[in-house]
Amino acid sequence: MFKLESYITPILLSYVAKYVKNFRDEDAQVSLWEGEVTFQNLDLRLEVLEEELNLPVELVSGHIHELSILVPWTKLMSEPVKIVINTIEFVAKLPDSESKQRRASFQREQRRKSKRESVEQPDQTKSPGPASSSSVVNKIINNISLQCHNIILKYVEDDIVVSMNVQTLNFSSAGEDWKPTMVDIHPVSVVMRKLLQVSDLTICLDKRNTAGRIEVCQEPVLYRCTLECRVLRKYNANTVSTTSTTRIGVFTKSLDINVSSLQFPMVMRLVKMLLELKPAEFEEDPQNPEDQEAVAEGSESQQGNESAGRSVFWWAWSLLPSFDTEEPSSSCDTPTGHAFDLGVYAEELNFQLKNSEYFTDQSMGGIKRIRYTPILRISLGGLYYERTILKECDWANVKAGLSSMCMEPLGAYRSDDPVDRNLVNTQEFQQERSFIDKSLFDENYMFADRSWCSYNYADYVARNTDEYMLFRSPVLAFDVIEHRVPKPSSHPVAESQLRDLGVRIQYRLLSAGITFHFSQSFVQVKKNR
């Protein structure tokens with residue numbers, strides 16, 4: 001029997017040391033043995049965060065005001081270790097050529113360092129110590145909960161300033177009912193459920209002048225939104241490379257977006273930038289063959305050392321799918337392979353467009369302010385977007401739907417006649433929760449099975465009939481299926497050309513009807529644009 005303190009303490013402190021500058025873990029060991037340790041005014045290692053998260057942006061600064069680690073030594077098997085962060089701030093920008101070169105150099109150096117350590121200490125890689133092999137330690141590490149209070153992220157691009165604030169973020173393990181709890185890790189058949197809850201998410205979009213200052217702050221684009229993200233991963237430890245299920249679901253009850261005429265051009269610029277933005281690529285070092293060989297060997301040894309040396313972000317990040325590993329040959333006759341499903345659901349989405357203009361308020365000492373005039377509101381209900389991939393069988397499909405829609409003029413454009421008030425409306429949505437059917441948020445569905453994932457086109461169409469699609473979203477239902485048909489036994493075309501001949505992409509668009517009202521309100525909106 002070994003003492004948990006001697007194994008848990010170094011692991012926890014190694015997370016902090018990896019991401020914090022000038023950290024001395026020996027100063028915190030005694031406090032942690034007593035059950036709690038607190039650090040204040042920590043500067044983060046930005047290059048490590050960029051590398052771990054593969055961020056498409058460059059972090060200019062990162063700072064934690066207070067970080068606490070609470071370890072219930074007497075209740076470790078029933079209560080999780082808690083990491084609590086109070087106020088964490090980031091400033092980001094688009095990477096330039098210099099930052100890209102710096103990140104590439106850091107990647108190469110990290111690969112060399114990792115390989116040197118694996119070569120110098122081969123025994124530790126092949127024979128994990130008690131901390132990585134003990135089921136007790138694995139349970140404690142995999143149930144660590146993270147609480148963040150007051151997350152501030154600022155992004156600056158030319159004259160655009162995007163500020164995001166999260167009041168509370170909770171990340172924890174969850175049981176079958178998706179409630180935070182301590183869960184056991186099965187040694188062979190592993191089912192992991194992670195719960196991420198975000199409260200009071202606010203996003204502001206402002207414009208700065210040539211001096212780099214914001215003259216007048218505009219109203220938030222998104223104000224106090226609450227999100228819940230559920231992540232499920234199921235795999236067999238004996239066949240990790242061949243069988244894996246990853247499901248990610250994001251749900252919000254209400255999403256209120258307000259955009260002014262001054263913010264609209266900035267929003268379009270940001271959308272265009274996001275569409276063109278890609279995560280940083282992992283570059284190899286072609287100038288040193290020995291390093292390349294070391295990297296190749298390291299990737300093999302790393303698979304046998306999963307539990308040791310993981311980052312503090314592993315609990316969230318490791319749940320994302322990875323299809324780049326070596327895959328055995330498989331047949332689509334059985335649902336074997338890496339299955340990945342991403343779903344985004346919104347019970348209600350409200351978009352409001354407002355006209356805005358600057359004016360000088362003499363009653364407030366002549367300060368510059370903004371006057372808002374509402375123009376249009378679009379209300380959407382029962383939205384969903386789902387994307388499923390089964391790579392080994394070359395199968396991918398996208399589904400999206402809308403259950404209700406209403407578009408109405410506001411302010412001076414609003415009609416007094418209730419009949420002519422709406423420009424666009426639909427029938428009342430009867431099945432309020434049907435849009436989350438067979439998702440991670442469906443209480444009547446078994447989340448761990450694979451019946452949600454079809455790998456055969458005939459089976460997919462049988463499961464997702466036109467009637468079922470309109471049941472989930474009666475106003476608008478859309479899906480795209482990309483799959484490979486069985487190859488013929490003989491074909492005169494070359495094998496490389498034959499592979500492309502088997503790909504099929506099929507579309508489907510369904511609607512139960514949308515009513516348009518070309519009323520006096522519509523004419524008024526058109527004249528006053």
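Here is a quick tour of the cores, ring pairs and strand pairings in this structure.

We're looking at a predicted model, so local features need pLDDT of at least 70 and side-chain atom pairs count only at pLDDT 80 or more, while totals for chains, interfaces and linings use all residues. Numbering starts from 1 along each chain as its sequence is written, and side-chain values use heavy atoms, with hydrogens and water left out.

Let's start with the cores. A nonpolar core here is a set of buried Ala, Val, Leu, Ile, Met, Phe, Trp, Tyr and Cys residues joined through side-chain atoms within 4.5 Å; buried means under 20% relative accessible area, using a 1.4 Å probe and protein chains only. The largest core has 68 residues, and Phe39 and Ile69 touch the most other members. Helix α1 (residues 5–19) supplies the largest share of this core, with 7 residues. Helices (H or I, at least four residues) and strands (E, at least two) are DSSP runs, numbered from the N terminus. Setting aside neighbours within four places in sequence, Ile69 is in contact with residues including Leu12, Val16, Phe39 and Val81 (contact being heavy atoms within 4.5 Å). There's also a second, separate core of 14 residues, among them Leu232, Phe251, Phe435 and Ile436.

Phe251 turns up again among the rings. The structure holds 4 aromatic pairs, where rings of Phe, Tyr and Trp (its six-membered ring) pair if their centres lie within 6.5 Å; planes under 30 degrees apart are stacked, over 60 edge-to-face, and the rest tilted. Phe251 and Phe441 have ring centres 5.3 Å apart and planes at 40 degrees, so this pair is tilted. Phe251 is in strand β8 (residues 243–252) and Phe441 in the loop between β14 (424–425) and α11 (457–463), 190 residues apart. Both count as buried: Phe251 has 13% relative accessibility, and Phe441 has a relative accessible area of 6%. Ring pairs link these two and Tyr345 into a cluster.

| Lysine | Ring | Distance to ring centre |
|---|---|---|
| Lys354 | Tyr372 | 4.6 Å |
| Lys368 | Tyr358 | 4.5 Å |

Finally, the strands, which pair if DSSP finds at least two bridges between them. Strand β11 (residues 367–390) pairs antiparallel with β13 (residues 404–409) over 6 bridges, and Leu376 stands opposite Pro409 in β13. In the β11–β12 hairpin, with 4 residues between the strands, Asp394 takes a positive phi near 50 degrees.

Terms used. Buried means under 20% relative accessible area, exposed over 50%, partly exposed in between (1.4 Å probe, protein chains only). A charge sits over a ring if NZ of Lys or CZ of Arg is within 6 Å of the ring centre and within 35 degrees of the ring normal.
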